[in-house]
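Here are my notebook entries from an afternoon of looking things up. Follow along with the structure open beside you.

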Amino acid sequence: MTQGFLKVQGLRKAFPAAGGTGELVVFDNVNFEIDRGDFVCIIGHSGCGKTTILNVLAGLEEPTSGHSFVDGREISGPSLDRGVVFQSHALMPWMTVQGNIAFAVRSKWPDWTKAQVDAHVQQFIDMVHLQGSENKKPSQLSGGMKQRVGIARAFAIQPKMLLLDEPFGALDALTRGNIQDELVTIVRQTQQTVFMITHDVDEAILLSDKIFLMSNGPRAVLAEIVSNPLPRDRTRATMHHDPKFYELRNHLIDFLVHRSKTFAAA
Amino acid sequence: MLGREKFRSFLLSVLILAVFLAIWQIASMPSTGDQVVDEEYAKLVGSAAATGQKSSFPTPAEVGKKLFEQLSNPFYDRGANDKGIGIQLAWSVSRVALGFGLAALVAIPLGFVIGMSRLIFSALDPFIQVLKPISPLAWMPLALFTLKDSNVSAIFVIFICSIWPMLINTAFGVAAVRKEWIDVSRTLEVRPLRKALMVILPAAAPTIMTGMRISIGIAWLVIVAAEMLVGGTGIGYFVWNEWNNLSIANILVAVLLIGVIGMLLDMCFARLQRAVTYRD
């Protein structure tokens, strides 16, 4: 069963409004499905609740109402089934690169021997090309390298799906491009199901099979789901030569600039 | 350039010490004034008392000599009121170690609980706020009354004075652990004990160590006063005993050594603090 691997039904998040009267609805009636192996990016302006949706999927936050299911089971809390890459990389500064990844690996497989853990960790350090930095502390790494460790840590527990909260937001354009390429390669190899937040339209086009567009908050809704018409083997270097690229890009930017404001829930 | 800077500050320190010793020397020099007492009396008590009135405050050289004497034989034991200064210091250090260690055993786990739970923090806060400013010596009579042992009472006083900074710092350190690290351990389904030891403890360790460093400093301040009260052994008792002997030189030796030991204790904890501090 690959269809509807992740299902979200009627998700809604509201906070009591300041002053005590009524409530502030962040987003309402969000429904979607993600198939196994799909790479989905969600785009929307700040305040539309993207991060809240991701946190709900991660099990770190509870929705006010609505349900979400992974692989037929309702999400009721955080789980090793879902790996999370945090925007701020969230590495433990007192552990080395190796230690950070091994911490995750031992959480997933507590019975493994040290040799098993080490071999597994090394595999994922190699995957993100951090050979030679195994024994460095996060403070000795550049921003891009830290985020690579974060990605390796999330992949190392071999979760059923990955949740990425704007993982490249804090990186410069060059580093961002390099890590995007790495991520594309890794995801294509591992056939991971990915749900990722981004602000970057080009990033979404490069990475995702489907792009979710959120209207502006408060009371944001999932306005539109765009399927990526570009071939799956697109690369950052060549995809902008495809005529469909600009068609898609214009569509997305039009949405973000104009329609996201005026979009009203049907 | 740093080496040069260091050398110059060292030179200045030596100079300050020299000036201080010189002033001390001048101030404590025997005043060779005229005979100041009655002639009859002078005959009676001997010339030393009558003429070369020696200042009762010892000169630096005398204190230095005493210091050398004390340090060359620090562990002799000639009965209750005559023990080497090494033995006395060892008593004080061991009381501090015991009281401080017990306090750490209570304060760090309790601080963990307080730091993890807003409810318990709010519930215990008024008690902590009232108990914290009580001078540890105010507990002494109660300790003597209930524990009925002067040595145990001294250890209790050290316990009660070192508990607060450790408790409060542990609670703050634990409460301030960054949410993202907690979120990471939640998504990794890390079990509570492992989370406490592998994530929260190292994250809060620098703050906890700061509390321990403050505590050991306070404990070392308090032990002198506590031992003056309970008597028997310890550097505090030594100071009090030498006061009764009117041996100012011995008191000065003890004061100097109290300072040196206190500095060493602080240096130990400063080193531990550096060892657990992480760069972000």
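Is the crossing of α2(A) and α3(A) left-handed or right-handed? I found that the two helices cross in the right-handed sense. (A crossing is left-handed if the near helix is turned anticlockwise from the far one by less than a right angle, and right-handed if clockwise.)

**Ground rules.** This is a predicted model, where local features need pLDDT of at least 70, side-chain atom pairs count only at pLDDT 80 or more, and totals for chains, interfaces and linings use all residues. Residues are numbered from 1 along each chain as its sequence is written, chains are lettered from A and ligands numbered from 1 in the order in which they are written, and side-chain values use heavy atoms, without hydrogens and water.

**Entry 1: two helices.** I looked up α2 (residues 97–108) and α3 (residues 114–127) of chain A, which pack at about 120 degrees with their axes 9 Å apart. That angle makes α2(A) oblique to α3(A). (Under 35 degrees is roughly parallel, over 145 roughly antiparallel, 65 to 115 roughly perpendicular, and the rest oblique; axes are lines fitted to C-alpha atoms, for helices over the stretch in contact, and angles run from 0 to 180 degrees between N-to-C directions. Helices (H or I, at least four residues) and strands (E, at least two) are DSSP runs, numbered from the N terminus.)

Next I checked who meets whom, taking contact as heavy atoms within 4.5 Å. From α2(A), the residues include Ile101(A) and Val105(A); from α3(A), they include Val117(A) and Val121(A).

**Entry 2: a glutamine in α5.** Gln180(A) sits in helix α5 (residues 173–190) of chain A. I noted it as buried, because its relative accessibility is 5%. (Buried is under 20% relative accessible area, exposed over 50%, partly exposed in between, with a 1.4 Å probe and protein chains only.) Leu207(A) is 27 residues away from Gln180(A) in sequence, yet their C-alpha atoms are 7.7 Å apart. Among the residues that Gln180(A) touches are Phe168(A), Asp200(A) and Arg236(A).

Entry 3: Cys161(B) is buried at 6%, while Cys268(B) is partly exposed at 46%.

**Entry 4: positive phi.** Gln158(A) is not a glycine, but its phi is about 45 degrees. I found Gln158(A) in the loop between α4 (143–156) and β7 (161–165) of chain A, partly exposed at 44%. Arg219(A), also not a glycine, has a phi of about 60 degrees and lies in the loop between β9 (210–214) and β10 (222–227) of chain A.

Technical notes:
Lists of a residue's contacts leave out its neighbours within four places in sequence.
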